[in-house]
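Keep the sequence and the 3D view side by side as you read.

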Amino acid sequence: MTPSASHFSPSDEDVFAGPQALRRAPKTHFPAHAQPPREVYQLIHDELLLDGVARMNLATFCTTWVEPEVQQLMVESLDKNIVDKDEYPQTAELEARCVRMFADLLHAPDPKTTLGTSTTGSSEAAMLGGLAAKWRWRAKRQAAGLDTTRPNLVCGPVQVCWEKFCRYFDVEIREVPMGPGHIMTPEDAIAACDENTIVVVATMGQTFTGKYEDVEAISAALDAFQEKTGLDIPLHVDAASGGFVAPFCAPELDWDFRLPRVKSINASGHKTGLAPLGSGWAIWREASDLPDELIFNVNYLGGHMPTFNLNFSRPGGQVVASYYNFLRLGREGYTAVQSATYTVAAYLAEHLGKTGEFDILFDGDPHLGIPAVTWKLKNDDGPYTVFDLAEELRGRGWLVPAYTLPPTQDAVAVQRIIVRHGLSLDMADLLLADFRRAIEALKNGPRGRRLEAGDAPSFSHDATPALAVVAP
Ligand SMILES: *Cc1c(COP(=O)(O)O)cnc(C)c1O
């Protein structure tokens with residue numbers, strides 16, 4: 001052995017002593033040369049440090065913690081394309097089992113024969129639910145020789161996916177303004193309905209406050225409307241976030257297929273379903289509620305394969321992970337997990353209330369909504385806004401979004417926390433301590449917008465929102 005000048009050999013070099021550490025990442029041109037995997041990994045890994053910590057993102061509804069077994073199944077499923085049902089029949093079988101199990105959870109009359117599909121999320125599932133409603137409405141109108149050119153959809157303050165559905169698929173959206181409880185009231189919904197209404201969309205876990213709309217009351221109002229007018233308008237329930245909590249923590253609420261008027265439901269597997277990102281479900285009450293024309297049968301992957309998704313190729317791991325969750329947790333486990341999130345939400349609501357600074361608009365009551373807390377400032381003319389507070393908390397790594405509610409008479413600026421699987425009471429305590437610190441700093445410190453004598457009290461909440469995020 002000859003002594004070498006350096007202990008480093010090119011293959012085991014410290015990545016920060018190698019050339020990569022002194023090179024910048026390509027940003028616009030397609031790289032000409034290949035590079036060692038370890039160095040590229042380190043470079044990208046380090047850039048992503050700027051993303052912050054997902055679990056401290058209290059804006060998102062989506063899964064940010066999974067068990068190691070889920071990670072393992074995701075890695076093992078990396079090469080499974082869910083659309084290749086002939087190549088990967090067992091992944092397809094797990095999807096079919098999940099559809100039946102979820103349909104059972106949602107009280108479908110016959111879960112064994114109903115139709116449903118996994119999707120990339122609730123947005124795709126909502127598109128499919130909306131399309132089925134449009135097709136059913138059109139077929140009925142055509143059969144009666146009636147005009148089919150002006151379909152509309154009635155909903156409350158909805159997530160953007162319904163606005164997308166209406167614009168992409170040429171349906172007039174009739175978005176009912178927020179009622180007194182920040183949700184759509186049955187009366188307002190009915191007032192917007194007519195013979196061209198393809199469906200009323202009710203939301204279980206409304207985006208802006210986390211509250212449930214009263215699906216049972218909306219359904220009853222539509223029954224009365226039918227008696228009066230003869231118009232039979234179906235309901236679709238957007239249970240993106242409520243779909244995997246209400247069945248466990250508010251089982252007495254009638255919002256699902258127990259109501260005959262509910263023809264389809266969407267839910268995000270990657271929200272309260274606890275699956276990794278990229279998982280949604282669309283379920284129809286009965287097979288006949290999903291028009292045949294929307295189902296394509298293709299045979300170019302071998303075998304006979306029905307498909308009614310917007311995407312073709314999709315990863316199979318999310319379905320595999322969902323099946324894992326269903327088996328691993330069952331009703332018992334989901335109830336335990338979701339009850340824990342409600343406990344933390346109630347704790348946060350109580351202690352945020354105790355600061356004396358906020359009016360709590362929703363405190364995470366399991367019978368009224370998802371595990372979330374929404375509040376506004378008590379003092380609209382105080383030294384800081386919820387946007388300032390959001391910015392201050394961001395300095396400690398917490399993302400607690402501030403935004404304005406959809407237009408009513410007065411644009412109310414609110415702040416919201418979604419409590420997810422993985423937010424423990426201990427973390428909640430850390431968060432509350434940071435809230436107190438932030439409030440203190442804003443009220444007294446140099447960062448607060450304290451009004452000095454002579455300052456015009458002119459700042460308004462919508463003047464320069466430091467942060468306006470409505471998470472998916
Ligand atoms: C999140 C959400 C959606 C969109 O779901 P994705 O899974 O993000 O596509 C739709 N509706 C509601 C009520 C939501 O909360």
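A349 is found in helix α9, which covers residues 317-354. Helices here are DSSP runs (H or I) of at least four residues, strands are runs (E) of at least two, and both are numbered from the N terminus. This is a predicted model: local features need pLDDT of at least 70, side-chain atom pairs count only at pLDDT 80 or more, and totals for chains, interfaces and linings use all residues. Residues are numbered from 1 along each chain as its sequence is written, and side-chain values use heavy atoms, with hydrogens and water left out.

Is A349 buried or exposed? A349 has 7% relative accessibility, so it counts as buried. Buried means under 20% relative accessible area, exposed means over 50%, and partly exposed lies in between (1.4 Å probe, protein chains only). Leaving aside residues up to four places away in sequence, A349 touches I360, D363 and V373. Contact means heavy atoms within 4.5 Å. The C-alpha atoms of A349 and G364 are 7.5 Å apart, although 15 residues separate them along the chain.

Now look at how other helices meet α9. Two packed helices are described by the angle between their axes and the distance between the axes. Helix α3 (residues 89-105) crosses α9 at roughly 45 degrees, and the axes come within 9 Å. Axes are lines fitted to C-alpha atoms, for helices over the stretch in contact, and angles run from 0 to 180 degrees between N-to-C directions. The two helices are therefore oblique to each other. Angles under 35 degrees count as roughly parallel, over 145 as roughly antiparallel, 65 to 115 as roughly perpendicular and the rest as oblique. The crossing of α3 and α9 is left-handed. A crossing is left-handed if the near helix is turned anticlockwise from the far one by less than a right angle, and right-handed if clockwise. Among the residues that make the contact are L94, C98 and M101 of α3, and Y323, F326 and L327 of α9.

Helix α2 (residues 68-76) also packs on α9, at an angle of about 150 degrees, with the axes 9 Å apart. That makes α2 roughly antiparallel to α9. Their crossing is right-handed. E69, V70, L73 and M74 of α2 make the contact, with G317, Q318, V320, A321, Y324 and N325 of α9.

**Aromatic rings**

The structure holds 11 aromatic pairs. Rings of Phe, Tyr and Trp (its six-membered ring) pair if their centres lie within 6.5 Å; planes under 30 degrees apart count as stacked, over 60 as edge-to-face and the rest as tilted. F102 and F244 are stacked, because their ring centres are 4.4 Å apart and their planes lie at 5 degrees. F102 sits in helix α3 and F244 in the loop between β5 (235-238) and α8 (246-249), 142 residues apart. Both F102 and F244 are buried. Together with F248, F326 and Y334, they form one aromatic cluster.

F358 and F435 form an edge-to-face pair, 6.4 Å centre to centre, with 80 degrees between the planes. F358 lies in strand β10 (residues 358-362) and F435 in helix α11 (residues 425-444), 77 residues apart. F358 is buried at 2% relative accessible area, and F435 is buried at 1%.
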